[in-house]
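This report works through the chains and their contacts. Please have the model open alongside the text.

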Amino acid sequence: MEFIYYFGDVFSPVSFALLLVGTIGGLILGATPGLSPTMAVALLIPFTFQLEAAQGLILLGAAYTSTVAGGAVSAILLKIPGAPANIATTLDGHTMAKKGDGAKALQLSFLSSAVGGVFGVLLLIFLTPLLAKWALAFGPSHLFWLAILGVTVIGSLDSSSVVKGLLSGCIGLWLATIGFDDIMGAQRFIFHPSLGGGINIIAALIGLFAIPQVLTMFAKGRQASGAEVIEVKKHSVLDATKEMLRWPRALTIGTITGSIIGLIPGVGGQIAGLVAYDQTRKFSKHREKFGTGHPEGVIAAEAANNAMVGPSLVPLLTLSIPGSPTAAVLLGGLLIHGIFPGSDLFDNHPDVAWTFINSMLIGQILMCVFGLYVAGMAARVAQVPQSIMAAVVLVLSVFGAYSVQSSMGDVYVMACLGVMMYFLERFGFSAAPLVLGLILGPIAEANFIQGSMIANATDGMGVYFLGGTLNLFLIAVVVASIAYSVWMEVRVQKLVARGEAKS
Amino acid sequence: MSRFQHIIPSGLIFAVGCWIAFVSFTQQPAEAFLFPRLIASVFVVLSGWTFGKALLGKSRVGVGINRHMILNLTPGLFIAGIYVFWAAKFFGFYTASTAAFFILFSLYDPSPHSEVKTWVRRAITTAVFMLVMYGLFSLLLKVYTPREILF
Amino acid sequence: MKKLILGAALALTGLASSLAAESYPERPIMMMVSYGAGGATDFQARIVTMTAGNEDALGMPIAIINKPGAGGRVGWNWFASQADADGYTLAAYNVPHFIAQSIKGGVQYSTDSFEPIANWGADPAVFVVGADSPFNSMADVIDYAKANPGKLTFSGAGLFVGHHIAALQIEKAAGVKMAYIPTKGGGSAAMKAVVAGEVLGGVNNLSDAYRAASNGSVKILGVADLERSEFLPDVPTMMEQGLDVDNSSVNFRGIMVPKGTPQEVIDKLAADVPKMFENKRVASKMSAGGSPMHIMTRAEVQEMWAARQATLEELLKGL
C-alpha cells in the first residue's frame, strides 16, 4: 500500500501541470500518423534533462499512456493506425466512423482504454514481483510458439477469403526478411539501397493503411459537394458507458489478453490488440458482425493495448531489463538522473518510483476525460471534404514516414508499399494480415534461430522446443486456435449451403 | 468483374513467389536463408492456388478496377508520385508539400474553378495546414526535414 | 502579392545564409547512432551531445537519429554510402564492431570510409553469470567448458561485435570450445537471457552489467581489459585470472564523419568536440548512469583504429 502514500506528490502544482501537458501532448502526438509511442517518448527525453527525476518521469509516463490511446483516434477516423498496437482498432472502429458513429467509437475506445489501462497499472502496483518471474519464464522456444500463435490469427483477420488472407500474411512475412539478417548479418533481398535497413514497421504501417485511403479518395474524383456528407451522430458519454458495459466479455478478454501479452519481453504491445480482437471474436455470440462496425471489436482492441502499458514496464522496473522499445527509452530517462531501475529504484528512490507509477494511474483517467471531451469534435473529421482529406493524409504520411529515422528511403518504401496495397485491396487482399506477418516474422525467426543454437549445444531440438509445460501449453493453444478456425469455417459454409438450398 | 482482371495480380504475385523461392534456395549462407526458404515454399503454394483459381475464373472476392476509377486516379497519383519521389527532396519538404497540397486540393475540389472566392479559400486552407505541420514537426518535435527553398 | 512575399522571403533567407556561411555550424547537426533508442550507445550519445548547443561547444544542437539493425551494419552502411559529407551528418562509431564487420566483409565500409573526430567512452566487455550460478570465477567457467566441450552456452549482442570478439578471445586463450549465442535486440536481450537462465553465462557491456549486478540479478566474473574498472574494483581482469585476453574487445565509442568532409570542418570539430565531452555536467551524468568515460583526440583515435585493424585481422583470420 506504499503507493497511496506518494499520491500527494502527483498533485503538487508542477507535477500535475506536467501530467496535464504529458497527457494532452501525448494524445496529439499519438493521433499523428507515424508517431509511435516509442518515438513520442524518445522525442520528449531532452525535455526531461532540465527536470527533476520524478517530474521527468511523470512527463514520460503520462505521454506513454496517452500516446497509446491517442493512436486510436487516427485509427478510427482515418483508418491509419498510429502504432502497430492500434491496427485491430481500425477493423471495426473505422467502419463505425464511416457510418457516422465516429463519436461513439471514440468514446468506447477511450473508456475501454481507461478500464484496461487502470487494470494494467494496478497489476504493476500489486503483483510486480510475481509478474517479473512470469516475464522471465518466456525463453526463445516459448516466444517462437507465441509468434506462431499470432500467425494462426492471420488467415481469419479482415479478409473475405482465407487463402488470400494467408497469402497477404505470407507477403508480410517475406517483406520482414528484407535487409540484413539480424543474427548472421547476411544480406537478403536488398535490390535497392533504400532497403538496406529492412522495411521499417512504422513506415510500412503508414504506407499500407494511409496511402490506399488517399488513392481511394482520388479515385472518386471531383464529386459535387454534399454528395457524400456523413452525418455525425451525437452520442452521450453516459450511453457510451452503458454500451461498453453491455459487452463485459469483450472488455474482460481484451484486458486480460493485453496484460499477459504486454508482460512478455520482446513481443510487447505490438500484437496485444490483434490477439485480443481475435480471441474476443472467437468467444463472441456475434462473430459475423466483427469487421462491420461492431462495438466489441473496438472495446477488445483498445482495452488490450492500454492494459499492456503497465505490465510492459515490469521487467524494466524490477530487473532493469527493458522488455519493449518504449521501456528502453524510459530506461534512458531514468539513467540520465542516475537512477538504476530495480531494487535501487524502489529502495533508495521510492518517491520517484511510486510517483511515476501513480502518475500513470492518474494519467489513464485524465486521458479518458480529455479523450471523451474531444471525441465529439474529433468525429467531425469525417465531414471534412475528401479533396482536403486526401491531401492532408498524403502530406502527413510523407512527414510521418520521414521522421521515423530521418530517411528518404523510408518515404519511398512507404509510397511503394502503399500503391501496391491499393491495387491488392481491389482484389481481396488486405493490409491487416500483411502487417501482422511483418511484425511476427522477425520475432519467430530470431527466436527460432537462437533457440535452435541453444538446443544444439544442449538438449537437442525436440526437447528444447517441445518439452516443458509452457511449451506444451502454447502448442495446445495454437492447435486449438487452428481447429476452432477450421470448425467455424466449415460451419459457416454449411450454413451458407443450407441457405442457398432453401432459397 | 472479368476473369482477366484477377489473372494479372495473382499472376504477378505468383511470379514474385517463384522469384523469392529461386533466390532463397540459391543464396548462401544456408542458415540465414532457412526462414526465407520456409516462407517461400508456403508463398509459392498459396499464390499458385490463387493463380489457378483466377485462371479457372473462380475468384470472386474484391471489386476490381474500372475505367472511371483509373481516369479519376491517374492525375492525383501522378502528382503525388512527383511530390514523394522527387519534389520533396529537391525543393525541400515544406515548399514541395505546400505546392502538392494546393494542387491536389484544387484538382479534386468540387467547387467551381472560375470563382475567386474558391481560390482564396484553397490558399487559406493550404496555409493553415502547412502552418500546423510546421508547428508540430519543426517547432515541437524538432524533426529536421530536407530544406532547399525557404524553410 | 503572393509573389512579392515569396520574393522578399527568398531575399531574406539568402541574406541570412550568406552572413552565417563564415562560421560552421549554422544549423542543427544530425548524429546517427547505429543502435536502437535506449541502448547503451544511444544513451551515452545523447548525454555527451546534450551541451552541443552551448556557446563554448559547437553553438548548435546535435539531434540523435537511430538507424538500428544487424549489429550496426545497417547504420554504418547508410553512413558510408548515403550520408552527406557536409559536416552536418555525424555518426557514432563503435570499435571494434565496425572494424570487425568490415574485415569479415559484406558491408560497404572500412576504416578508410570514415574520419574520426574524438572518442568519448570505453566500455569493456565483462563475463556475467546468473546470481544463483555455481560459477564464481573464470576458472570455474573454463573447467566446465573443458569437461563439456561445446555445451557451455553464453549470450552476447550479436556476431562480430565487441562481445563476440571477447568470446573468441576467451575461447582461444583457454583453448576450449563453447557455444556463443548471439541475440537479437542488443545487450539488454543478451542480459535477459542470462538473468532468466536461458544460457549459462554471457558477455555484456560493463555499464549494463554493473547495473544488473548492483541490482543483484547477476555476478560479474571478469573484465576483458588491461586494468580493473573503477566501477568494479573487486572484479579481476581476465589476465589476472590467467586468460590471455587484452583490451581488443573494449567498446570504444566516439564521433566520426564520412570521408570527403571538408578539412576545415573536421579540424573545427576535432578541436571543439573533446572540449564538449569534458563538460562537467556531461561527466556527472555519465558517471551517474554507470558509463565509463575515456576522452581521446582525433590523432589518438586514428592510432587506436589502426592498432585495432591489425589485431582484429589476426584474430579473425581463421574464421
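## A bent helix in chain A

α5(A) bends by about 30° at Thr67(A). The bend is the angle between axes fitted to the seven residues ending at a residue and the seven starting there. Helices (H or I, at least four residues) and strands (E, at least two) are DSSP runs, numbered from the N terminus.

Helix α5 covers residues 53-78 of chain A. The expected span of a helix is 1.5 Å times one less than its number of residues. Just after the helix, Lys79(A) has a positive phi of about 60°.

## Basis of the model

This is a predicted model: local features need pLDDT of at least 70, side-chain atom pairs count only at pLDDT 80 or more, and totals for chains, interfaces and linings use all residues. Residues are numbered from 1 along each chain as its sequence is written, while chains are lettered from A and ligands numbered from 1 in the order in which they are written.

## Chain A as a whole

Chain A has 23 helices and two strands. Its C-alpha trace spans about 70 × 60 × 50 Å along the principal axes. The radius of gyration, taken over C-alpha atoms, is compared with a globule rule of 2.2 Å times the number of residues to the power 0.38. For 503 residues a compact globule would come near 23 Å; chain A has 22 Å, which agrees.

Of the 503 residues, 67% are buried. Contact means C-beta atoms, placed from the backbone, within 7 Å. Among contacts in chain A between residues at least 6 apart in sequence, 79% join residues at least 24 apart.

## Where chain A meets chain B

Here 49 residues of chain A contact 51 residues of chain B. On the chain A side, α8 (162-177), α9 (201-219), α19 (386-405) and α20 (408-426) each supply at least two residues. α19(A) gives the most, with twelve residues. By class, this side has 30 nonpolar, twelve polar and seven charged residues. Ala, Val, Leu, Ile, Met, Phe, Trp, Tyr, Cys and Pro count as nonpolar, Asp, Glu, Lys and Arg as charged, and the others, Gly among them, as polar.

## Annotated spans of chain B

An unreviewed UniProt entry annotates residues 7-26, 38-56, 91-108 and 120-141 of chain B as "transmembrane region". Such annotations may be inferred rather than shown by experiment. In the model, residues 7-26 of chain B are 100% helix and 0% strand, with end C-alpha atoms 28 Å apart. Residues 38-56 of chain B are 95% helix and 0% strand, and their end C-alpha atoms also lie 28 Å apart.

Chain C holds eleven helices and eleven strands. Its C-alpha trace spans about 85 × 40 × 35 Å along the principal axes. Of its 319 residues, 59% count as buried.

In all, 50 residues of chain C contact 45 residues of chain A. The largest share of the chain C side, five residues, comes from α3(C). This side divides into 20 nonpolar, 21 polar and nine charged residues.

Definitions and conventions: Buried ≥ 20, exposed ≤ 12 C-beta atoms within 10 Å, placed from the backbone. Contact = placed C-beta atoms within 7 Å.
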